[in-house]
Amino acid sequence: QGSLDDARALAQNLGIQHDTVSIEAPFQSVKSQLAHVFAGRTEDTTEENIQARLRGVVLMALSNKFGSLLLTTGNKSELAVGYCTLYGDMCGGLAVISDVPKTVVYELSRWINAEALRTRGQPVIPDSSITKPPSAELRPNQTDQDSLPPYDILDAILDDYVVHGKPLADILAAGHDEPTVRRVIRLI
């Protein structure tokens with residue numbers, strides 16, 4: 001509910017159209033269609049990714065119908081470690097934040113709000129969008145940190161390894177935890 005409220009508030013602050021389209025019916029339909037094939041198996045990331053892909057289908061349909069450009073939401077941190085869903089949140093014609101680490105996305109959000117407060121008298125982005133734990137919202141109480149290290153740690157490792165090409169020994173010498181660094185490198 002918090003994300004629905006934040007989306008509504010953001011649209012209102014920007015003066016843009018806001019619509020809510022449920023994916024519940026198509027999600028149940030897809031699960032029903034696959035039930036005999038998945039019989040005896042517990043739900044996992046497969047069902048989570050179906051939800052992300054249904055979101056993508058809905059957003060691409062709106063993009064096609066109204067001649068809009070759909071922007072993907074993946075940032076550099078998520079894309080580097082595969083924390084995104086092919087044909088889901090990767091749907092879109094332009095990946096505007098694909099080279100921006102997640103920690104910088106938050107910095108930019110705070111900067112945008114500070115500028116909006118200065119020029120318009122009120123922030124644009126709901127504060128809860130910036131302060132709540134990040135989540136793909138594909139299962140109850142899910143947070144990104146269930147699967148990833150905290151973004152400040154992840155981004156530092158990604159910067160060292162991907163951007164600067166530092167070897168494992170140098171990254172560890174900077175004080176990072178070895179199991180975490182090895183896990184991030186495996187994800188990359």
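**Entry 1: order of elements.** I followed the chain of this predicted model from the N terminus on and wrote down the elements as α-α-α-α-α-α-α-α-α. My tally of the secondary structure of the protein came to 9 helices and 0 strands.

**Entry 2: overall extent.** Taking the principal axes, I noted that the C-alpha atoms of the protein fill a box of roughly 55 × 50 × 30 Å. Of the 188 residues, 27% count as buried, and the accessible surface comes to about 11800 Å², with 56% of that surface belonging to carbon and sulfur atoms. I then looked at contacts with a separation of 6 or more, and found that residues 24 or more positions apart account for 56% of them.

**Entry 3: charges.** I looked up where the charges sit on average, and the mean positions of the 17 positive and 24 negative charges turned out to be 3 Å apart. By the rule used here, the count of salt bridges comes to 10.

Entry 4: In helix H1 (residues 2–14) I found Arg8 and Asp5, which are 3 residues apart, about one turn of the helix, and they form a salt bridge in which the closest N and O atoms are 3.2 Å apart. Arg8 counts as partly exposed at 39% relative accessibility, and Asp5 is partly exposed with a relative accessible area of 35%. In helix H9 (residues 178–187) I found Arg182 and Glu178, 4 residues apart, again about one turn, and their side chains meet in a salt bridge of 2.8 Å, N to O. Arg182 is partly exposed at 42%, as is Glu178 at 37%.

Entry 5: Which residue forms a salt bridge with Lys31? I found that Glu43 does, with the closest N and O atoms 2.8 Å apart. Lys31 lies in helix H2 (residues 24–38) and Glu43 in the loop between H2 and H3, so the pair ties together parts that are 12 residues apart in sequence. Lys31 counts as partly exposed at 23% relative accessibility, whereas Glu43 counts as exposed at 52%.

I then turned to Glu47, which is found in helix H3 (residues 45–66). Glu47 is buried yet has no salt bridge, and the nearest side chain of opposite charge, Lys31, is 6.9 Å away. Leaving out residues up to four places away in sequence, I listed Phe27, Lys31 and Phe38 as the residues that Glu47 touches.

**Entry 6: a network.** Last, I noted that Glu48, Arg139 and Asp146 are linked in a network of salt bridges.

How values were computed
Residues numbered from 1 in each chain as written. Predicted model: local features only at pLDDT ≥ 70, side-chain atom pairs only at ≥ 80, totals over all residues. Heavy atoms only, no water. Helix = DSSP H or I, 4+ residues; strand = E, 2+ residues; numbered from the N terminus. Buried < 20%, exposed > 50% of the residue type's maximum accessible area, 1.4 Å probe, protein only. Contact = heavy atoms within 4.5 Å. Areas by Shrake-Rupley, 256 points an atom, 1.4 Å probe, with all protein chains shown as cover. Lys, Arg positive; Asp, Glu negative; His and termini not counted. Charge placed at Lys NZ, Arg CZ, Asp CG, Glu CD. Salt bridge = Lys/Arg side-chain N within 4 Å of Asp/Glu carboxyl O.
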